[in-house]
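Colleague: I'm new to this one. Could you walk me through it?

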Number of protein chains: 2
Amino acid sequence: MTLLRPALLVLALAACQHAPKAVADQPLKALTMQDVLDASTPDDWRRPDPENTLYLELDSGRVVIELAPDFAPAHVANIRALARGGYWDGLSINRSHDNFVVQWGDANGEDPAKAKPLGEAKAKLPAEFTRPAEGLAFTKLPDVDGWAPEVGFSQGFPAARDPKANLAWPAHCYAAVGAGRGMEADSSNGSELYVVIGQSPRQLDRNITTVGRVISGMERLSVLPRGTGPLGFYEKPEQRTAIRAIRLAATVPEAEREPIEVFRTDTRAWDALVESRRNRRDDWYRHPAGHIDLCNIPVPVRAIPAPEKKP
Amino acid sequence: MTLLRPALLVLALAACQHAPKAVADQPLKALTMQDVLDASTPDDWRRPDPENTLYLELDSGRVVIELAPDFAPAHVANIRALARGGYWDGLSINRSHDNFVVQWGDANGEDPAKAKPLGEAKAKLPAEFTRPAEGLAFTKLPDVDGWAPEVGFSQGFPAARDPKANLAWPAHCYAAVGAGRGMEADSSNGSELYVVIGQSPRQLDRNITTVGRVISGMERLSVLPRGTGPLGFYEKPEQRTAIRAIRLAATVPEAEREPIEVFRTDTRAWDALVESRRNRRDDWYRHPAGHIDLCNIPVPVRAIPAPEKKP
């Protein structure tokens, strides 16, 4: 009997294993995601810039965040200054709202007498909800999206744009990192950050400044006990999760940096990956959807492969 | 200064408080979700049928699952038989896959010598991926959906339909509960169940039998530590979460039943709630989206209100 038992195979996503073959040699529709990754070449991957990479260090391990200076240059510059100044070190994760966000910053920030000084960083920044669509690298998806005229990926970031209005913005997909704000549009400065942990809250798009996305370690944030106070804030200080440090990768010795690379989103291999998600070719699937939503496409991350030995 | 500090207000979802007013008296576009709930009448709420309600009892508390007999009658009948027979009592949650599913059942199910007997329940059932659209109560959303010709709600369940093919099916939104299966379409019997804990994996629609959805206690499942084995299964037995029992509410003494009610999805109040999510009117929002996705609409659940005292 070839049927594997449900207990282990249920929802199996494992693809059939084919011998790797260069993506360009194969018809676009025949591949599974695993096929695409197996057939990828070193040029299909990129290494995040250490100047645009944050390490959020928790007792449970490291969370890696890639920053988005193309979308939020002022916030990213401020976040770099905050990280260099050790602003978050010793602060905490203060909020865990089920199916919405986990958020960190200064739990005493409301009290000017107790708030941690921002150091070299600015207290006030302009809102960076959108940017001009012109000049932004953008790999457009053909699939319909209800939230925006066009959606696609810009250097790894799920994003949207409105060509008529010449505007583009990052999309609030799972793992998106944004800068908390108050009632005023320009009341964020990057010191208070949140990450999306559930169904993509795309209604936040164009309403808040998105500064990056988690590329590794999401599972250290998504499992945090939910807060029982209003908006998912913890009610007691001891329920918070301590932040050991948030460091800019550029300031971390090279040997301690996270040795990962990210799948590029502007290649033919990327198009093949998207198609493999649009129409699942795994044997398990009976009804390929013929559609993919922006927030259902994973951008693969892997350990940097060991250099091949010359024979 | 009226600006509240970001630390508490960030992403504030609280609506402006207006005096409650019957929903029918107000223009549809002016309401926030809180307005809609404040103005709701007892007829806008319903109490889940105890014959269609499961209690998943964990050390951390109770998870309430509403079953979907209109979509999966054979599976729901089998699940009732399994619960009545105490099938899951003493079994465990065996899988937690980040941004995908948490899954429970018999960790020894693969070994016929060790598998727990199904009792009165059937070992084999037909696949129930879809059902006829005709005859199904359905409140259609006007909003575009990439995955299906039409989407909407059927008695609380986010669902989709294809009128031309006369098919309808539940949608894999956050909190959807499905019956795990192997490679064969008809290899599920309801003993192995999973719940969606991340971005809605709508690609599973029409590929697996959906049997219900969690209406209370999702936060007890979504925070479970992620498994580090293939597909998010736990690698060691001690990492699993014990299931005290899964009981059908109808078999639980009334005093121990969960005293909750669910917002109806076929009323004018429901239409107002959907519109309040499509265009956020909270003061915090600067750019109402003008769109809502099926899986971004919460179906409110509340404690049954105390009866009003007659003066």
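Predicted model: local features only at pLDDT ≥ 70, side-chain atom pairs only at ≥ 80, totals over all residues.

Modeller: Residues count from 1 along each chain as written, chains are lettered from A and ligands numbered from 1 in written order, and side-chain values use heavy atoms, leaving out hydrogens and water.

Colleague: How far apart do the C-alpha centres of domain 1 and domain 2 of chain A lie?

Modeller: The bounds come from an automatic or database domain assignment. In chain A, domain 1 covers 6-47 + 262-303 and domain 2 covers 50-261. Their C-alpha centres are separated by 27 Å.

Colleague: How much area do domain 1 and domain 2 of chain A bury between them?

Modeller: Buried area is the accessible area (1.4 Å probe) that two parts lose on being put together, summed over both. Of the area between domain 1 and domain 2 of chain A, 57% is on carbon and sulfur atoms, and the total is about 1800 Å².

Colleague: Why is helix 5 of chain A largely enclosed by the rest of the structure?

Modeller: Helices here are DSSP runs (H or I, at least four residues), strands too (E, at least two), numbered from the N terminus. Buried means under 20% relative accessible area (1.4 Å probe, protein chains only). Those residues pack against helix 2, strand 7, strand 8 and strand 16 of chain A. Helix 5 is largely enclosed because, of its 11 residues, the number buried is nine.

Key:
Buried < 20%, exposed > 50% of the residue type's maximum accessible area, 1.4 Å probe, protein only. Contact = heavy atoms within 4.5 Å.
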